[in-house]
Amino acid sequence: MNDSFLLQRIQEREDQQALRQLVSGYRGIDFCSNDYLGIATSNLLAFGNEGYKSGSTGSRLLTGNNRFTEETEIRVADFHQSPAALFFNSGYDANTGLLSCVPQRGDTILYDALSHASIRDGLRLSLAASHAFRHNDTADLKKKMEGCPGRIFVVTESLFSMDGDLAPLVEIAGLCSQRGALLVIDEAHATGVIGSRGEGLVQSLGLEQQCFARIHTFGKALGCHGAVLLGSRLLRDYLVNFCRQFMYTTALPPVAIAAIGQSYSLFPAMTAERMQLGLLTSLFQSADLQLTRLKSDTPVQSVIIPGNRAARELASACVAGGCDVRAILYPTVPRGAERVRITLHAFNTAAQLHQLVRSIGLFTATRQAPGLIS
């Protein structure tokens, strides 16, 4: 089989210092995973001999549905104060599924310019027209709404996974109410982290009634797998009938559903862990760093260091200092906004955070030494 036609694009990525490679395990203190509350690595979801099946045998529309799954969906919907819930195999499936099948030709989707790739891929699959508004810029969103044809959908994240900032949801929801637009919120990184019970930003602001749809994912703070799409019972029925990402895939197995249920028994009460996240966030934001640090009051922190090579070098220096972080490179982020993303966890200590800050400081001092600036 001749696969040489793939080589050119791989070489282009390598020339840009942007070639991705798989890394096994951790390379030091974890400052890179999405396990915010430590549920995934603490064995809190261990099952013993409960006997949950590892396979669901088919799609939900064939043999993969069961009362256990439906009861867990109802429980999750109740927690998030939503009329209905529908499980998906991932947040990616939920986003691409919703956006590809609900907005129709002649409709308009307005989305935050820093929206996740799963949202952007859903837009590509949609028959509706789509336009970005400037990141968290409600004035630009209001302007973009003027003269939009058809039904308007406004799509944003609540906690942005690269910059770590929060969307101005009160203002956005107000604009949607004024214009009759339908609001879709991806709460992936806010789930388990934002709110007194980890319910997410929407509920913490009392905006759940103003959302057309919400997506919460389970693979981050909740420490398991899958996602849920929250909305009306009519939306749930529509997705069951028209969403290809739901219809044509094997359902989550009972063992995954059990893990979701266990996590919803755990994370709402993890107040001390959320307080620790807040403490570490404050410590990092107040640390003396010579590199540009994005303002963030969440566990997602970013240190900007332009250039793929420079970002890789900073990440390597942190790993050498015993702290595992990952470089985020162009084209994942815009050119000039390359960075090292630091993810804080409830199990990280203040001493470990100081160790990370020292590693960044030593790297900066080395780069600023005469003759060593790259």
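Which residues have the most contacts inside the largest nonpolar core? In this predicted model, local features require pLDDT of at least 70 and side-chain atom pairs count only at pLDDT 80 or more, whereas totals for chains, interfaces and linings use all residues. Residues are numbered from 1 along each chain as its sequence is written, and side-chain values use heavy atoms, with hydrogens and water left out.

The residues in question are Val 154 and Ile 260, within a core of 52 residues. A nonpolar core is here a set of buried Ala, Val, Leu, Ile, Met, Phe, Trp, Tyr and Cys residues joined through side-chain atoms within 4.5 Å; buried denotes under 20% relative accessible area, exposed over 50%, and partly exposed the range in between (1.4 Å probe, protein chains only). Helix H10 (residues 254–266) supplies the largest share of this core, six residues. Helices (H or I, at least four residues) and strands (E, at least two) are DSSP runs numbered from the N terminus. Apart from this core lies another, of 25 residues, including Leu 289, Val 303, Ile 305 and Cys 323.

With residues up to four places away in sequence excluded, Val 154 touches Leu 110, Phe 133, Leu 141, Met 145, Ile 172, Cys 176, Ala 181, Leu 182, Leu 183 and Val 184; contact means heavy atoms within 4.5 Å.

Helix H5 (residues 138–145) packs against helix H6 (residues 169–179) at an angle of about 15°, the axes being 10 Å apart. H5 is therefore roughly parallel to H6, a term applied to angles under 35 degrees. Axes are lines fitted to C-alpha atoms, for helices over the stretch in contact, and angles run from 0 to 180 degrees between N-to-C directions. The contact involves Thr 138, Leu 141, Lys 142 and Met 145 of H5, together with Glu 171, Ile 172, Leu 175, Cys 176 and Arg 179 of H6.

Backbone geometry was also examined. Most residues other than glycine have a negative phi, and most peptide bonds are trans. A cis peptide bond, with omega of about 20°, joins Tyr 330 and Pro 331; Pro 331 is found in the loop between strand S12 (326–328) and strand S13 (339–343). Gln 17, a residue other than glycine, has a positive phi near 60° and lies in the loop between helix H1 (7–15) and strand S1 (29–30). Gln 17 is partly exposed, with a relative accessible area of 26%. Thr 57, not a glycine, has a positive phi of about 80° and is placed in the loop between S1 and helix H2 (67–79). Thr 57 is exposed, its relative accessible area being 66%.

Technical notes
Angles under 35 degrees count as roughly parallel, over 145 as roughly antiparallel, 65 to 115 as roughly perpendicular and the rest as oblique.
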